[in-house]
Amino acid sequence: MKLHFLLPGLACLFFQLSFAQPKPEPFKSGDRVVIAGNSITEAGLYGSNIWLYYMTHFPDRKIQVLNGGVGGDVAEQIYKRLEGDILTLKPTVLAVTFGMNDSKYFEYNSPNPDVNSFVKASYDSYLKIEKKLQELKGVKKIIMASSPYDENVQLPNNNAFKGKWKTMEKIIEFQKKSAVDNQWGYVDFFYPMTEINLLEQKKNPAYTACGNDRIHPSSAGHLIMAYIFLKSQGLTNSYIADVNVDYNKGKVIHSVNAKSSGVIKTKNGIRFDYLANSLPFPIDTLPRVWMNPEVQSEALKIIPFNQELNNERLVVGGLPAGKYSLKIDHVQIATFSAEELAAGVNLAVLKNTPQYQQSLQVLKLSNERREVESKFRNYFWVNYNFLADKNMLFDHSDAARDTIEKHSPENGWLNGKKGDWEAVRSSGKVLESKMDALVDEIYRVNKPKKLTVEVVAVSSI
């Protein structure tokens, strides 16, 4: 009921947006995608979800999606990091997002916040970013409107900064105009997530996709962001596999994005070989955002992710009425009625299949890589948010270390990140090699394997 209530509104929203913005192209093999942003990007979750989709859905299309986020950044700080951080990652695709911090916070507690000055400062800084992007030849650009600040959610002991959402909207106006004028890709997190929030809050006023501080999306919110991004690339409604086998005819009727052969019909069921070209997208079961217990699966109640992006459809038609056991590689997976099998089942939501278990290996490796990458994000935070002010940017000397130690007791952020600064300072090349090795391992284990699928009448087991 919840999905039926929500999805028509979302479909209408995305239909409208598709005619209003230039779409980013799907990534191609060899792309190095760098996402420059603030703490929402630094968390590394929506970017890693996007990459995980490519890892599983396009296992032979080796790409990298690299984190260029630093917590607290506004457009001016992103501009200052371009040469020393973001472009050193050698992007073939560069996505830029900002606006949450540019639109300010406590200033809205005053009677007349100077909104125009906030927007102008962000715009002036963006003009410098825009000029630099225009000069980058051979690099595709994507402008991404920030996820929204949720003023409407009813949270205990967390008063909203009223008016901040409208300020963000003004920033998004010039972001989108720039993307259109330059014919760059454009991804809008702002309006779709706002629409999701408003629709869900009609039923539950405490719902938000934007986190319990109204700013930082939970693990579920980051999956929603990945869904919006992938949808903007036009990747929805492409199957992991779509296989239709007819029991009466004893043959494969059609097989999309998969190879199905060797059909053997018995009086109790049917057996055939199955090799999909893709793997299912694995859903992470752990909350990954600090102080937020929400997990990815909560997003599946809100967005049609499995229907549109994670559909491994198996149809077995012509079976006599009754219950049937689905086995894969001789292991029982689930039980379905003949009617359910004739209508089609989505194997991707069955977590005990061999292919889903294989995807979990990919997820594990992806998370390991993201954890290593987070050390570099903390390293760059220390450089740009502390050492730069001391005229010690990228200074790896003992004097820089001593300066950090001296000031860390009075600076909680610095104190929490100094260990990662030291790790990169002393072992940066080793950490880079570890990430590279994990990527190589991901693209080794993500190749789909040939399976044997059996559908057997339950009374025959």
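Biologist: Quick one before we dig in: what does buried mean in terms of relative accessible area?

Modeller: Buried means under 20% relative accessible area, while exposed means over 50%. Keep in mind that this is a predicted model.

Biologist: Good. So is Phe 161 buried or exposed?

Modeller: Phe 161 has a relative accessible area of 11%, so it falls under the 20% limit and is buried.

Biologist: Which ring does Phe 161 pair with?

Modeller: Phe 161 pairs with Tyr 105: the ring centres are 6.1 Å apart and the planes meet at 65 degrees. Edge-to-face needs an angle over 60 degrees, so that is what this pair is. Tyr 105 counts as buried too, at 18% relative accessibility.

Biologist: What lies over the face of Tyr 105?

Modeller: That's Lys 164, at 4.0 Å from the ring centre. You'll find another case at Phe 58, where Arg 61 lies over the face at 3.9 Å from the ring centre.

Biologist: How many aromatic pairs does the structure hold?

Modeller: There are 22 aromatic pairs. One aromatic cluster is made up of Phe 27, Tyr 53, Tyr 54, Phe 58 and Phe 229.

Biologist: Tell me about Tyr 54, then. What is it in contact with beyond its sequence neighbours?

Modeller: Setting aside neighbours within four places, Tyr 54 is in contact with Pro 26, Phe 27, Pro 59, Arg 61, Ile 63, Leu 230, Gln 233 and Leu 235. Tyr 54 and Phe 27 are also among the residues with the most contacts inside the largest nonpolar core, which has 87 residues.

Biologist: Which helix gives the most to that core?

Modeller: Helix α8, residues 219-232, with nine residues. There is also a second, separate core of 27 residues, including Leu 326 and Leu 451.

Biologist: Changing topic: where does Thr 452 lie?

Modeller: Thr 452 is in strand β14, residues 451-457, and counts as buried at 19% relative accessibility. Not counting residues up to four places away, Thr 452 touches Arg 271, Phe 272, Asp 273, Lys 327, Ile 328 and Asp 329.

Biologist: And in which helix is Phe 118 found?

Modeller: Phe 118 is in α5 and is buried, at 9% relative accessibility. Beyond four places in sequence, its contacts include Asp 102, Ser 103, Tyr 108 and Thr 167.

Biologist: Last topic, the whole chain. How many helices and strands are there?

Modeller: The protein chain has 13 helices and 14 strands. Its radius of gyration is 24 Å, close to the 23 Å that the globule rule gives for 461 residues, so the chain is as compact as a globular protein of that length.

Biologist: What share of the residues counts as buried?

Modeller: 55% of the 461 residues. As for contacts with a separation of 6 or more, 75% are between residues 24 or more positions apart.

Biologist: How much accessible surface does the chain have?

Modeller: About 20,000 Å², and 54% of that belongs to carbon and sulfur atoms.

Technical notes
Residues are numbered from 1 along each chain as its sequence is written. This is a predicted model: local features need pLDDT of at least 70, side-chain atom pairs count only at pLDDT 80 or more; totals for chains, interfaces and linings use all residues. Side-chain values use heavy atoms; hydrogens and water are left out. Rings of Phe, Tyr and Trp (its six-membered ring) pair if their centres lie within 6.5 Å; planes under 30 degrees apart count as stacked, over 60 as edge-to-face and the rest as tilted. Buried means under 20% relative accessible area, exposed over 50%, partly exposed in between (1.4 Å probe, protein chains only). A charge sits over a ring if NZ of Lys or CZ of Arg is within 6 Å of the ring centre and within 35 degrees of the ring normal. Helices (H or I, at least four residues) and strands (E, at least two) are DSSP runs, numbered from the N terminus. The radius of gyration is taken over C-alpha atoms; the globule rule is 2.2 Å times the number of residues to the power 0.38. Contact means heavy atoms within 4.5 Å. Accessible areas come from the Shrake-Rupley method with a 1.4 Å probe; for residues, only the protein chains shown count as cover. A nonpolar core is a set of buried Ala, Val, Leu, Ile, Met, Phe, Trp, Tyr and Cys residues joined through side-chain atoms within 4.5 Å.
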